[in-house]
Amino acid sequence: MTNNRQFLLARRPVGAIQRSDFDFATMPLRALAEGEILIRISHVSLDPAMRGWMNASTDSYMPPVALGDVMRAIAVGRIVESRNPGFVVGDHVTGLLGVQEYAIHNGVGLSKVDPSLAPLPLFLGALGMPGLTAYFGLLDVGQPKEGDTVLVSGAAGAVGALVGQIAKLKGARVIGIAGGADKVRYLVEELGFDAAIDYKTENLAAALRQHAPKGVDVFFDNVGGEILDAALANLAHGARVVICGAISQYNNTDAVTGPSNYLQLLVKRATMRGVMVSDYYHRAMEAITTMGGWIQGGKLKTREHVVQGLDSFPDTFAKLFNGANQGKLVLQVV
Ligand SMILES: NC(=O)c1ccc[n+]([C@@H]2O[C@H](COP(=O)([O-])OP(=O)(O)OC[C@H]3O[C@@H](n4cnc5c(N)ncnc54)[C@H](OP(=O)(O)O)[C@@H]3O)[C@@H](O)[C@H]2O)c1
């Protein structure tokens, strides 16, 4: 009998996650029922949203992971057994498969991917959920025009690095905000950003005034908190602020810090709007085809940070919150 190793949510974290928030369990795999498939997971996507799914709150876009359940995560894997006519052994699929070696699934909500077109981790990054977030969040919500100044926070990460590059392809001037000299250098020298600000060592307000003297037309925010506040103080007339995420707030043990500069939205006739990637899943092919073409043509660079070994999950996941990830963070299971 085959065993399945899986991370179960043992308790709700307080602040930063710890290994003791999970049980690393070994369970025998049960037989498939009619309509089910068995997937051997090869790569698990580690996403900041998973931290929110661990909280008890019910006012989010998805219910929390129940205590004792397999930790929810997007993953990709190969079908090794099928009792579902829609899927054959050997197919590769992606979807919410969890932090585990094997998933038993009824196939609903899964997408097939073709590993001959791109390495599997790319389907968790630029050709997956973060890619769709960047593409539609920027183009549909941010609506950059040629010559606009686009500012993106969390700029060296999975979503941010794509946002900045797509904005460049659309003829914008792009400024990134990231932590540390290496990431700032990467943005300017390798990805072609016009400027990048190290929020850990620079005075953000002064740097924004220097790099965007006429204000920012589009601000794509992945971070929230003080960075959102500083950007609001430097908007151009008619600016669009895209709220994609607020990773600086996800480990808070008290209330989220809201922006005190929000009246600049009034002064600058600006808008602030949230983006939710799942609203765009029905248009996924549009983004994947376009970005796939850009990647093939060398116009869009991707960087996947692949860490080996399911057992490292808690420590690897923590990299998202201490900035140790260099690009799209992926856990390789096999
Ligand atoms: N709305 C949606 O549908 C949707 C979909 C996907 C993702 N998101 C959001 O998009 C954001 C980025 O996600 P991602 O997958 O691309 O992650 P990522 O940027 O690849 O990784 C997270 C990065 O956040 C930065 N960070 C962590 N703590 C920070 C803090 N306190 N202050 C400033 N920066 C901090 C770190 O970079 P530095 O080294 O630069 O600090 C870290 O590398 C997240 O907020 C996520 O929730 C939203």
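Two aromatic rings of Phe, Tyr or Trp (its six-membered ring) are paired here if their centres lie within 6.5 Å; planes under 30 degrees apart count as stacked, over 60 as edge-to-face and the rest as tilted. This is a predicted model, in which local features need pLDDT of at least 70 and side-chain atom pairs count only at pLDDT 80 or more, while totals for chains, interfaces and linings use all residues. Residues are numbered from 1 along each chain as its sequence is written, and side-chain values use heavy atoms, with hydrogens and water left out.

**Aromatic cluster**

Select Phe 7, Phe 22, Phe 24, Phe 313, Phe 317 and Phe 321, which together form one aromatic cluster. A search of the whole structure finds nine aromatic pairs. Phe 317 and Phe 321 are edge-to-face because their ring centres are 5.6 Å apart and their planes stand at 85 degrees. Both residues belong to helix H9 (residues 313-322), where they are four residues apart, about one turn of the helix; helices (H or I, at least four residues) and strands (E, at least two) are DSSP runs, numbered from the N terminus.

Is Phe 317 buried or exposed? Phe 317 is buried, at a relative accessible area of 0%, whereas Phe 321 is partly exposed at 24%. Buried means under 20% relative accessible area, exposed over 50%, and partly exposed in between (1.4 Å probe, protein chains only).

**Charges over rings**

Next, select Arg 40 with Tyr 102: the arginine lies over the face of the ring, 4.7 Å from its centre. Then select Arg 72 and Trp 53, where the charged end of Arg 72 sits over the ring of Trp 53 at 5.2 Å from the centre. The criterion is that NZ of Lys or CZ of Arg is within 6 Å of the ring centre and within 35 degrees of the ring normal.

**Ligand site**

Of the 25 residues around the ligand, Lys 183, Tyr 199, Tyr 250, Val 275 and Asn 325 come nearest. Helix H2 (129-142), helix H3 (158-169) and H9 each contribute at least two residues to this shell.

Which side chain has an N or O atom 2.4 Å from an oxygen atom of the ligand? That side chain is the one of Asn 325. Polar backbone atoms of Asn 222 and of Val 277 each lie 2.8 Å from a ligand oxygen atom. The protein covers 90% of the 920 Å² of accessible area that the ligand has on its own; areas come from the Shrake-Rupley method with a 1.4 Å probe, and for residues only the protein chains shown count as cover.

In helix H3, select Ala 167, which is buried at 0% relative accessible area. Move to helix H6 (residues 225-232), in which seven of the eight residues are buried, among them Ile 227, Leu 228 and Asp 229.

**Positive phi in loops**

Finally, select Gln 143, in the loop between H2 and strand E8 (149-153). Gln 143 is not a glycine, yet its phi is positive, about 45 degrees. Arg 269 likewise has a positive phi, of about 50 degrees, and lies in the loop between helix H7 (264-267) and strand E13 (271-274). Gln 143 is partly exposed at 47% relative accessibility, and Arg 269 is exposed at 58%.

How values were computed:
A residue is near a molecule or strand if one of its heavy atoms lies within 4 Å of it. A polar contact is a pair of N or O atoms within 3.5 Å; within protein, one must be able to donate a hydrogen and the other to accept it, and residues adjacent in sequence count only if both atoms are side-chain atoms.
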